[in-house]
Amino acid sequence: MASSCSTKTDLAYQRCINPTCGHTLSVDQAAFACPECGDLLDVVYDWDRVEVPRRLSDFEAKWSDRLNPLSFSGVWRFRELLPFAPPDQVVTIGEGQTLLQVADKVGQYVGMDAGRLMLQYEGMNPSGSFKDNGMTAAFTHARMVGAKRVACASTGNTSAALSVFCSATSFGFKAIIFIGSGKIAYGKLAQALDHGALTIQIVGDFDDAMHRVRQVADRLGIYLMNSVNPFRLEGQKTIMYRVLEALAWQPPDWIVVPGGNLGNSSAFGKAFIELKHLGLIDRVPRLAVINATGAQTLDQLVNANGVTWNNGLPDAEVTQAYYDHLDAEHLKASTIASAIEINRPVNLKKCLRALDFCDGLVRQVSDQEIMDAKARVGAGGIGCEPASAASVAGAKRLREEGIIAPSDRVVCILTAHQLKDPTATVAYHGTDQENFEKILGSRGVRRAGFANRPISVANDLDDIIRTIALYSEPNA
Ligand code: F0G
C-alpha cells in the first residue's frame with residue numbers, strides 16, 4: 001500500500017463509530033466496514049497536530065492561489081479540514097465550483113421573507129451532482145492505497161461521478177457500476193455509458209444492487225466508492241464550508257437536504273461537529289432531512305419509532321424490525337425522485353448522529369410536492385432533478401408547520417442538475433396525458449399545477465403571431 005511516508009497521513013486514522021467497538025485502522029487501509037464488528041467507519045483527525053486556520057475567513061487566502069489545482073477545487077481549498085492525504089496524491093477534476101443563490105421566487109413559494117431562502121446548487125459540478133465532492137476525496141484515497149478497479153451501486157449520480165472521475169483522470173482507474181435495471185434516469189445512464197463505465201444492470205432496485213456490490217467488492221478486492229466509504233463523506237463536508245463561505249462565515253438557521261443513502265446529511269453533521277470542536281463556529285444550523293414518501297425509512301424510524309443516536313447505540317432491534325416488516329410485506333422503495341429511491345440507507349447511524357448534534361428533524365414529502373417544488377425551482381432560474389426538489393418541498397412543509405419562521409435563513413441543497421432526469425420534467429410540463437399518467441399519475445401525482453405547457457401551432461405565420469400575442473405577457 002502506498003504513501004505511508006507522508007506526514008499528512010499521520011494526522012488521520014479510521015475508527016469504528018460503534019463506541020463499544022472503537023476499532024481503529026490506518027488511513028492507508030481500504031476497509032469500508034469495521035473488520036471487527038461490521039459497523040461504519042469514520043475518518044478521525046488528531047486535531048491538536050493539524051495546522052488549522054484560526055478563523056474560517058483565513059481560507060479566503062486560497063482565492064488568490066487559484067492556479068494551484070488544490071486551491072481551485074471547492075473541496076481541497078479547505079484541505080486543512082480533511083487532512084488525510086498527501087497533497088501530491090490528490091485526484092481533482094475541478095469539482096466544487098458551486099453556487100449559493102438567494103432565490104426569492106422560490107422563497108415566496110416556500111413562504112419565506114425576501115432574502116431568506118437560499119439554494120446551494122450542486123448541479124454545477126463536473127458530473128452535474130454533489131457526488132463529485134465525495135468522489136475527489138475517495139479517489140484520492142483509492143490512489144493512496146493503489147486501487148485500480150473502483151465500483152459502486154447507484155441510483156445514477158454516484159455512477160455518473162465515478163465514471164467521470166475514471167475517464168477524466170490518468171491514474172488507470174476502471175469504473176464498474178451496478179444499477180437496478182429500469183431504475184436510473186436517462187441523463188445519468190447516458191453519462192455512465194458515454195464515459196466508458198462497465199455498466200452492470202441487475203434485476204432489482206438500488207438496495208439489491210448495493211447488497212451485491214458489497215459482496216463483489218469484498219470477493220474481488222475492488223475499491224468501493226459508495227458512501228459507506230468514509231473518505232467520500234470527508235469530501236462532502238465541504239458543501240457546508242462553501243455554504244458558510246458564501247454567507248461570510250455566518251451559519252444559517254437551517255440546512256435542508258434530501259435523504260437517500262444519507263451520506264450528505266451524515267457528512268454535514270460531521271462538518272459541524274468538527275467546526276464546533278475547532279472553535280471555528282459558535283452556532284450550529286439545524287438540519288432537516290427530507291425523505292420521499294415512497295422511500296421513508298428515516299422518517300419512519302425517527303418519527304414513528306423514536307430511533308435516536310443514543311450516544312452511538314441506536315436501537316438496532318427497532319431498525320431490524322422495520323426492515324423485516326418491509327421484507328415481509330414485499331415493500332420496495334418507489335418514488336419519482338429516483339435518486340433517493342432507497343429503503344435501506346447505509347449511513348443511517350451517521351445520519352442519526354448528525355440529527356442529534358444539529359437539533360435536526362426529518363420529514364417526508366409526496367411525489368406531488370416534489371414535482372411542484374421542482375417546477376417552482378425551475379421557474380426561479382435553477383434547474384434541478386426531482387430528488388433535489390425534496391429539500392424545497394420539505395422547507396415548505398416545515399414553514400407550514402410553523403417550525404421554520406419566515407425570517408429564518410434557510411439553505412436548501414439542490415443536489416443535482418435538471419438535465420439528469422428529463423423524463424420527469426417533460427411528463428410534468430408536457431401535454432401528453434398518457435405520458436403524464438405513465439410517469440407521474442401512476443405514482444399518485446394528480447396535477448401539474450405549475451406546468452408550463454408547450455403550445456402546438458400550425459405552421460402558419462398568422463397563427464404563430466396570434467399565439468404569441470395571446471401568451472407572451474411579460475412576467476410580473
Ligand atoms: N439527491 C440526489 C440527486 C442524489 O443522487 C442522491 C443520492 C441524493 C439526493 C441522496 O443523497 O444518499 O447522501 O442521502 N444518490 C445516490 C446515487 C444514492 O447512487 O447516486 P444521500
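**Close-up 1. Cysteines without disulfides.** The structure holds zero disulfides. The model is a predicted one. Which cysteine has the sulfur closest to that of Cys16? It belongs to Cys37, and the two sulfurs are 3.4 Å apart. A disulfide needs sulfur atoms within 2.5 Å, so the distance between Cys16 and Cys37 is too far for a bond. Cys16 is buried, with a relative accessible area of 4%. Cys34 has its closest cysteine sulfur in Cys21, at 3.7 Å. That distance, too, is too far for a bond. Cys34 is buried as well, at 3% relative accessibility.

Close-up 2. Helix α8 covers residues 238-246. Eight of its nine residues are buried, so the rest of the structure largely encloses α8. The buried residues are Thr238, Ile239, Met240, Tyr241, Arg242, Val243, Leu244 and Glu245. After α8 comes Ala248. The phi of Ala248 is positive, near 55 degrees.

Close-up 3. The largest nonpolar core has 103 residues. Which residues have the most contacts inside it? They are Phe84, Phe139 and Met225. Helix α3, residues 131-144, gives this core its largest share, six residues. In soluble globular proteins, nonpolar side chains tend to be buried together.

**Close-up 4. Helices α4 and α5 side by side.** Helix α4 spans residues 157-168, and helix α5 spans residues 186-194. Their axes come within 8 Å. They cross at roughly 25 degrees. Angles under 35 degrees count as roughly parallel, and α4 and α5 are therefore roughly parallel to each other. The crossing of α4 and α5 is left-handed. Which residues of the two helices meet? From α4 come Asn157, Ala160 and Ser163. From α5 come Lys188, Gln191 and Ala192. An α-helix has 3.6 residues a turn, so residues three or four places apart point the same way.

**Close-up 5. Thr319 in helix α11.** Helix α11 runs over residues 316-328 and contains Thr319. Is Thr319 buried or exposed? Thr319 counts as buried, with 10% relative accessibility. Buried means under 20%. Set aside the neighbours of Thr319 within four places in sequence, and its contacts are Leu301, Val307 and Leu348.

How values were computed:
Residues are numbered from 1 along each chain as its sequence is written. This is a predicted model: local features need pLDDT of at least 70, side-chain atom pairs count only at pLDDT 80 or more; totals for chains, interfaces and linings use all residues. Side-chain values use heavy atoms; hydrogens and water are left out. Buried means under 20% relative accessible area, exposed over 50%, partly exposed in between (1.4 Å probe, protein chains only). Helices (H or I, at least four residues) and strands (E, at least two) are DSSP runs, numbered from the N terminus. A nonpolar core is a set of buried Ala, Val, Leu, Ile, Met, Phe, Trp, Tyr and Cys residues joined through side-chain atoms within 4.5 Å. Axes are lines fitted to C-alpha atoms, for helices over the stretch in contact, and angles run from 0 to 180 degrees between N-to-C directions. Angles under 35 degrees count as roughly parallel, over 145 as roughly antiparallel, 65 to 115 as roughly perpendicular and the rest as oblique. A crossing is left-handed if the near helix is turned anticlockwise from the far one by less than a right angle, and right-handed if clockwise. Contact means heavy atoms within 4.5 Å.
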